[in-house]
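Dear colleague,

Please find below the structure that I am handing over to you. My findings follow directly after it.

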Amino acid sequence: MNKTIADHPEEFRYLILALQRQGNRQLNNLFAQLDLTNSQAEAIEVIGAYGPMSTREVGDYLVCESGSPSRLLTTLASKGLTITSQSTTDKRATLHALTPAGREMVAAITNLKKNFDDSIGDALTHALSAHPEDILTQLTCLLTDPSLSAAMKKRYPHLFDKL
């Protein structure tokens, strides 16, 4: 069976979805150590790198959520990680900046993410070397979540033939 992405777009789409869910679950478990969700950690990173910034601007930078991040930012403020102020140039805009606790949190987030990213890098290196000509098998190799793997195996058992 030819396992190219072009020949199997549905399998590719579901592998990407499963890997995204797996990564989101893993990051949420990781950031739970800091009493944060993945979305909260991303917002803290964005504000730390680009703030102070308006609610709209924060939303423009976020990948984790679409739409207005108002509730997300309210939660961060209630946790003492951000502080709000009124823009001097646009009285309708609320600006968000990190508190000292928020700046400390950026360092903790960065440390956890580095370890997470290193483990993804190792898994990608292994998948590439184990299956150099077969990207679908490479992606399948990265899927380690038991429930997601089981679901994919039920629907697309041929993806697991070379593992």
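Y156 has a relative accessibility of 6%, which is under the 20% limit, so Y156 counts as buried in this predicted model. Its aromatic partner is Y14. The two rings lie 6.2 Å apart, centre to centre, and their planes stand at 35°, a tilted arrangement. Y14 belongs to helix α1, whereas Y156 sits in the segment after α7 (146-155), so this pair ties together parts that are 142 residues apart in sequence. Y14 counts as partly exposed, because its relative accessibility is 22%.

A search of the whole structure finds 2 aromatic pairs. Besides the pair already described, Y50 and Y61 form a tilted pair, with 4.4 Å from centre to centre and 35° between the planes. Y50 is in helix α2 (residues 38-50) and Y61 in helix α3 (residues 55-61), 11 residues apart. Y50 is partly exposed at 48% relative accessibility, and Y61 is partly exposed at 42%.

Helix α1 (residues 9-31) also meets helix α6 (residues 135-142): their axes come within 10 Å and cross at roughly 25°. An angle under 35 degrees counts as roughly parallel, so α1 is described as roughly parallel to α6. The crossing of these two helices is left-handed. On the α1 side, the contact is made by F12, L15, I16, L19 and Q22; on the α6 side, L136, L139, T140 and L142 take part. Of the residues in this contact, 7 are nonpolar, 2 are polar and none is charged.

Yours sincerely

Key
Residues numbered from 1 in each chain as written. Predicted model: local features only at pLDDT ≥ 70, side-chain atom pairs only at ≥ 80, totals over all residues. Heavy atoms only, no water. Axes fitted to C-alpha atoms, helices over the stretch in contact; angles between N-to-C directions. Helix = DSSP H or I, 4+ residues; strand = E, 2+ residues; numbered from the N terminus. Parallel < 35°, antiparallel > 145°, perpendicular 65-115°, else oblique. Left-handed = near helix turned anticlockwise from the far one by under 90°. Contact = heavy atoms within 4.5 Å. Nonpolar A, V, L, I, M, F, W, Y, C, P; charged D, E, K, R; others polar. Phe/Tyr/Trp six-rings, centres within 6.5 Å; stacked < 30°, edge-to-face > 60°. Buried < 20%, exposed > 50% of the residue type's maximum accessible area, 1.4 Å probe, protein only.
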